[in-house]
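The sequence and coordinates are shown first.

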Amino acid sequence: MSDKKVSVEFVDDVALICIDNPPVNASGVAVRQGLVDALEEIRAAGTAKAIGLYCAGRTFVAGADITEFGKPPMAPGLPEVCDILEANETPIVAAIHGTALGGGLETAMGCHARVAVSSAKVGLPEVLLGLLPGAGGTQRAPRLAGIPNALDLILSGRHVPAAEAHKMGLIDRIDDGEPRDVALAAARDVVSGALATRRTCDLTTTPDEAAIEATAAMVAKKHPQLMSPQKCVEAVAASTGDFKEGLALERAAFMTCLASPQSKGLIHAFFGERAVANIPEKKAQARDVASLGVIGGGTMGSGISTSALMAGLPVTLVEVTQEALNKGVATITGNLDGAVKRGKMSAEKRDAALAMLTASTALESLGDVDLVIEAVFENMDVKKEIFGKLDGICKEGAILASNTSYLDINEIAAQTSRPSDVLGLHFFSPAHIMKLLEVVVGENTAPEVVATGFALAKKMRKVGVRAGVCDGFIGNRILGHYLKAASYLVLDGAHPDQVDKALEGFGFAMGPHRVGDLAGLDIGYMTRKRLAATRPAEERYGGAIADRLSENGWNGRKTGKGYFVYEGRETLENPDLNGIIEEERTKAGITPRSFGDDEIVERYMTAMISEAVRVIEDGIALRPVDVDVVFLMGYGFPRFRGGPLHYADTIGAAELVKRIETYAAEDAYYWQVPALLKKMADDGSTFADLNKGK
Ligand code: T1G
């Protein structure tokens with residue numbers, strides 16, 4: 001059965017088992033069967049007094065093979081393998097390097113002792129996939145580390161450094177060296193008695209009702225929509241009882257979660273974040289970027305600079321005046337201080353990062369940098385002027401990027417003699433925190449320049465998504481469309497607060513009106529004014545209410561008033577809002593009607609999905625998963641729903657077409673069925689099929 005992902009080596013009176021299943025030694029069926037076969041081979045040989053288990057490559061087992069989920073189970077299952085390891089007569093010690101995660105840590109906890117190199121990390125991140133540890137982790141972790149630590153590990157999904165894991169009791173010893181050597185030394189120490197062994201199942205868990213109750217309450221408050229966190233708490237609570245009964249409860253909970261749409265959404269998100277790196281330019285040779293220039297020290301420019309400095313990239317920040325420059329440097333310093341406070345970096349690293357910042361009021365100071373990111377306010381003429389100047393200043397081979405959120409990269413590139421070196425790098429605010437980076441590819445952008453954009457994204461720990469050129473690229477184009485649906489809902493009778501609450505119930509961290517107030521209503525106002533001249537006559541105008549707010553100077557949090565009123569940390573009703581809404585309805589001759597929360601969500605999501613389909617049709621996004629990742633990483637889309645188009649597959653193209661045709665009776669211009677969606681409704685295909693290139 002096994003295709004030798006697992007090998008056995010006999011050294012004197014010990015045996016070594018090596019797992020070699022690149023890239024991350026996921027415990028797929030070949031690894032599981034290989035482990036069982038290896039134990040049998042060692043038993044048959046009868047020479048080993050102890051066994052060392054280690055992995056080849058960059059990491060210990062990083063979990064069960066997630067690609068097997070949702071497929072018919074293949075024996076032996078991982079729970080069974082962990083039980084076999086634990087029951088084995090000859091003691092087994094696991095030698096951990098890299099990351100022992102999920103089923104990987106469970107495999108190690110099934111062994112009779114664990115040693116780790118000091119750089120190793122361990123964790124049980126299954127909850128991030130809408131699951132819970134399903135191979136004994138909820139029963140063995142509490143026995144080794146106690147209930148509070150086990151709850152922390154299982155509900156945070158965090159990767160715990162070896163030293164802390166040692167303190168927790170998960171790791172018995174820290175040993176540095178090559179994994180095989182560490183495994184060999186540890187196995188010999190088991191034989192000599194220098195390293196104690198025990199079966200985790202024989203240990204007992206000290207009850208801790210208070211921790212269980214407090215965690216259950218926290219989970220109910222923090223993750224009201226999610227199933228698996230609650231299941232995690234229930235399983236850990238069972239660890240104070242009979243071991244086998246606890247395993248059975250864990251298994252039942254695991255199978256329930258595995259079948260849930262939430263887990264499917266989260267697993268789609270996991271693989272999606274990796275799939276978006278698969279671009280046509282993947283094989284092109286990226287250029288080295290060892291220095292960055294950033295033009296504009298405003299919110300975006302200082303956020304981008306901060307992110308680059310945190311990634312170890314020297315930055316030259318350019319502003320027009322010394323005062324603006326000082327403000328930019330102060331913002332960057334504040335961002336870095338904040339990162340130190342949040343424990344994201346040490347004070348020493350902050351100081352080193354700040355030392356890599358050069359501030360200048362001269363564009364000429366960017367003559368030698370490898371890549372420039374222009375992040376000035378959203379005005380085409382200003383951007384064109386800057387790119388025209390950069391063309392004469394920057395060295396040959398330098399890459400010129402714009403952080404524009406909407407504007408035409410081709411038009412900007414045409415200001416230079418080197419349009420092949422120009423692309424869009426669209427960061428999201430706050431840029432030193434948000435993980436999304438839209439890499440906008442112009443009609444002349446060279447493949448190696450695109451590849452460099454993605455390499456920079458990886459270096460800055462961002463998730464790059466390839467986008468074509470259109471107004472607003474992938475995210476903002478779709479946002480612009482579904483926000484119209486939200487504005488029509490309010491004009492037709494729903495209240496902004498109800499719309500927000502309905503979408504927060506769906507899973508968004510914040511509804512569109514609160515997001516508008518947070519980002520600043522003036523941004524939307526300027527966009528509506530910018531597009532006014534080109535707005536089709538047949539398009540219904542939804543911006544009347546928002547215009548009134550901005551024209552009153554009420555632009556949201558930054559002015560203390562927008563759709564809501566903000567006093568300190570309090571969000572209060574805006575007493576003037578209802579009057580404005582009624583006046584605009586009357587002006588438009590609208591008799592308001594009531595909307596249920598479900599209908600609000602349906603209309604909002606159908607609008608989002610339909611424009612997302614057009615973005616695919618127009619080739620602005622490569623695949624549906626690219627749209628999903630943009631919304632998961634940049635627009636607060638509920639991760640457990642997997643993104644707008646993964647979610648769309650839970651509705652089906654036929655039903656979506658029916659909805660749009662129904663709504664079109666009210667507004668045939670806004671509600672149009674995209675051709676691709678119609679085709680999918682006819683041939684029964686799904687967005688998952690499109691992701692597979694079908
Ligand atoms: N299964 C299958 N493929 C995996 C995988 C896994 N567990 N982990 C990574 N890959 C693939 C990934 O898709 C990518 O593929 C390549 O490996 C490199 O990954 C019973 C049920 C280990 C920290 O949740 O967090 O065990 O894109 O790009 O940035 O209780 O991968 O190259 O084709 O992410 O260096 C629990 C998931 C599973 C850990 C490395 N384990 N992995 O990060 O590389 S559930 C996890 C990670 C479980 C049991 C349960 C990270 C990493 P491709 P990468 P990286």
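A residue is termed buried when its relative accessible area is under 20%, exposed when it is over 50%, and partly exposed in between (1.4 Å probe, protein chains only). The model is a predicted one, in which local features need pLDDT of at least 70 and side-chain atom pairs count only at pLDDT 80 or more, while totals for chains, interfaces and linings use all residues. Residues are numbered from 1 along each chain as its sequence is written, and side-chain values use heavy atoms, with hydrogens and water left out.

**Overall form**

Of the 694 residues in the protein chain, 55% are buried. The radius of gyration, taken over C-alpha atoms, is compared here with a globule rule of 2.2 Å times the number of residues to the power 0.38. For 694 residues a compact globule would have a value near 26 Å, and the 28 Å of the protein chain agrees with this. Along the principal axes, the C-alpha atoms fill a box of roughly 85 × 60 × 50 Å.

The secondary structure comprises 29 helices and 19 strands. These elements are DSSP runs numbered from the N terminus: helices are H or I with at least four residues, and strands are E with at least two.

Two residue pairs illustrate how sequence separation relates to spatial separation. Q139 belongs to helix α4 (residues 137-145) and is buried, with a relative accessible area of 0%. L632 and K435 are 197 residues apart in sequence, and their C-alpha atoms are 9.7 Å apart in space.

**Salt bridges**

Side chains of opposite charge can pair when their charged atoms come close. A salt bridge is counted when a side-chain nitrogen of Lys or Arg lies within 4 Å of a carboxyl oxygen of Asp or Glu. The structure holds 54 salt bridges, and the table lists some of them.

| Salt bridge | N to O distance |
|---|---|
| D500 and R514 | 3.1 Å |
| R548 and E584 | 2.7 Å |
| K678 and D682 | 3.1 Å |

The salt bridge of D500 with R514 has its closest N and O atoms 3.1 Å apart. D500 lies in helix α19 (residues 496-506) and R514 in helix α20 (residues 512-519), so the pair ties together parts that are 14 residues apart in sequence. Both D500 and R514 are buried.

In the salt bridge between R548 and E584, the N to O distance is 2.7 Å. R548 lies in helix α22 (residues 544-551) and E584 in helix α23 (residues 577-587), so this pair ties together parts that are 36 residues apart in sequence. E584 is buried, at 7% relative accessible area.

K678 and D682 also meet in a salt bridge. These residues are four apart in helix α28 (residues 675-683), and are therefore separated by about one helical turn. K678 is partly exposed at 36% relative accessible area, whereas D682 is exposed at 56%. Elsewhere, salt bridges that share partners join R477, E611, R614 and D618 into one network.

**Surface charge**

Patches are made of residues with over 30% relative accessible area and no salt bridge, with like charges joined within 9 Å and nonpolar side chains (Val, Leu, Ile, Met, Phe, Trp, Tyr) joined within 5 Å. R58, K282, K283 and K458 form a positive surface patch.

**Backbone geometry**

Most residues other than glycine have a negative phi, and most peptide bonds are trans. The peptide bond from A75 to P76 is cis, with omega near -5°; P76 is in the loop between β3 (50-55) and α2 (78-87). The bond from S429 to P430 is also cis, with omega near -5°, and P430 is in the loop between β15 (422-427) and β16 (436-440).

Positive phi values occur at D12, near 50°, and at R461, about 55°. D12 is in the loop between β1 (6-11) and β2 (14-19) and is exposed, with a relative accessible area of 60%. R461 is in the loop between α17 (447-459) and β17 (463-467) and is exposed, at 56% relative accessible area.

Conventions. Accessible areas come from the Shrake-Rupley method with a 1.4 Å probe; for residues, only the protein chains shown count as cover. Lys and Arg count as positive and Asp and Glu as negative; His and the chain ends are not counted. The place of a charge is taken as NZ of Lys, CZ of Arg, CG of Asp or CD of Glu.
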